[in-house]
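Dear colleague,

I am passing on the structure below, together with my notes on it. Please read them side by side.

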Amino acid sequence: MSAAILKEIDASRFRPVYLFFGADLTVSDEVIERLKQKLLVPGLESFDYDHFSAAEIGKSEKLSISLFVQRLRQPPVGAVRRLVVVRHLEQLSGKILSEFASALASIPDTTSVVVVCNADPGRTRDLRRLFRDAGLERWLIAVPGAHNAQLITEVQRWAKAQGLDIDPPTASLLIEIAGEDPVMLKSELEKLATALPAGSGNEHYRLTPDLIRQYASSTRVFELRDYVSQCLERNATSALATLRRLELLGEEPKKIIGWLVPALLDLLAVKLGNRSASSLWRCPGTALRRWQVAELDSALHRLFRIDVSILRGNREIYALLDIWTLSCCRRSR
């Protein structure tokens with residue numbers, strides 16, 4: 001299937017919509033990269049290329065569904081067609097999802113939209129039915145998850161492109177730590193290539209299990225730091241995207257709360273005059289002016305309620321953290 005789509009693109013035959021459903025994100029990644037190469041004009045990418053996480057659409061005035069539709073219908077500046085990429089479609093639901101499907105059904109012939117959905121089989125069936133009802137069935141592309149052996153082979157290929165050499169057992173360990181998301185795996189390999197010395201001559205630097213454990217396992221810490229910092233700066237959109245990555249990495253929600261609460265308490269202590277601003281080593285410099293005491297108090301109480309939900313066995317903790325991030329970390333007007 002992917003080979004046929006790539007041949008279409010190479011022959012300058014472009015679909016208005018590419019709807020990818022399944023777990024093998026390498027297929028959609030290859031199509032997106034080929035479309036970029038074929039459609040976009042160097043230097044004008046910012047005018048003719050947009051990419052979104054579905055979680056952003058309809059959640060704020062900056063990207064309401066009507067504004068998103070306007071972006072879809074915007075004419076190209078330098079390219080033959082505009083390219084719009086929407087990932088994590090599974091995060092849309094209800095009225096916004098229906099409006100999104102209707103928008104795809106009526107996009108102009110000057111735009112190509114790539115939609116990527118990695119949902120559980122039950123949800124995928126509902127989504128496929130929705131797009132079939134919207135007249136988009138012919139653009140559906142099923143991409144079942146890669147077998148473990150196939151994914152290990154892909155990891156070895158991506159590592160080689162970064163000047164690294166990784167054997168199958170070590171590649172399997174990387175997948176175990178970082179997860180099966182190809183985007184995350186490529187990111188880990190890029191990080192390793194940057195952190196490790198280059199091989200001599202034409203040789204590749206050989207990755208070992210110890211190196212994988214040392215470098216790849218630290219990704220969650222970096223993401224946790226980013227998430228807390230983005231929350232303190234009240235950048236809800238970026239914080240939500242980072243929270244998604246933490247979920248993909250398998251981070252424990254209790255640990256996320258354990259990082260958030262002390263940072264918010266430190267901020268509250270300064271706002272109440274109980275400590276100096278210079279002591280806020282874990283908070284961005286702009287955080288103080290972003291929050292009021294009442295807002296910090298409310299945010300902390302809501303986090304405590306989420307913590308209680310964990311103790312009671314609630315399995316939808318990430319959904320509660322999504323709601324907390326959107327409601328507590330949006331900047332007040």
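Where is Arg234 found? Arg234 lies in the loop between α11 (219-232) and α12, where helices (H or I, at least four residues) and strands (E, at least two) are DSSP runs, numbered from the N terminus. Before going further, please note that this is a predicted model, in which local features need pLDDT of at least 70 and side-chain atom pairs count only at pLDDT 80 or more, while totals for chains, interfaces and linings use all residues. Residues are numbered from 1 along each chain as its sequence is written, and side-chain values use heavy atoms, with hydrogens and water left out.

Arg234 has a phi near 60°, a positive value in a residue other than glycine, and with a relative accessible area of 6% Arg234 is buried (buried means under 20% relative accessible area, exposed over 50%, partly exposed in between, with a 1.4 Å probe and protein chains only). His88, in the loop between β3 and α5, likewise has a positive phi, of about 60°, although it is not a glycine; His88 counts as partly exposed because its relative accessibility is 24%. As background, most residues other than glycine have a negative phi.

Within helix α12 (residues 236-249) sits Thr242, which counts as buried because its relative accessibility is 0%. The side chain of Thr242 makes a polar contact with the side chain of Gln230 at 2.7 Å (a pair of N or O atoms within 3.5 Å; within protein, one must be able to donate a hydrogen and the other to accept it, and residues adjacent in sequence count only if both atoms are side-chain atoms). Not counting residues up to four places away in sequence, Thr242 touches Glu223, Asp226, Tyr227 and Gln230, where contact means heavy atoms within 4.5 Å.

The axes of α12 and helix α16 (residues 317-328) come within 9 Å and cross at roughly 165° (axes are lines fitted to C-alpha atoms, for helices over the stretch in contact, and angles run from 0 to 180 degrees between N-to-C directions). The angle therefore makes α12 roughly antiparallel to α16, given that angles under 35 degrees count as roughly parallel, over 145 as roughly antiparallel, 65 to 115 as roughly perpendicular and the rest as oblique. On the α12 side, Ala236, Ala239, Leu240, Leu243, Arg244, Leu246 and Glu247 meet Tyr318, Leu321, Asp322, Thr325 and Leu326 in α16. By class, the residues of this contact of α12 with α16 divide into 8 nonpolar, 1 polar and 3 charged (Ala, Val, Leu, Ile, Met, Phe, Trp, Tyr, Cys and Pro count as nonpolar, Asp, Glu, Lys and Arg as charged, and the others, Gly among them, as polar).

Helix α4 (residues 65-73) and helix α5 (residues 94-105) pack at an angle of about 20°, with their axes 11 Å apart, and α4 is therefore roughly parallel to α5. Ile65, Phe68, Val69 and Leu72 in α4 meet Ile96, Glu99, Phe100, Ala103 and Leu104 in α5, a contact with 8 nonpolar, no polar and 1 charged residues.

Finally, Val86 in strand β3 (residues 82-87) counts as buried because its relative accessibility is 0%. Leaving aside neighbours within four places in sequence, Val86 is in contact with Phe52, Ala54, Ile57, Phe68, Phe100, Val114, Val115 and Val116. The C-alpha atoms of Val86 and Val116, 30 residues apart along the chain, are separated by 6.3 Å.
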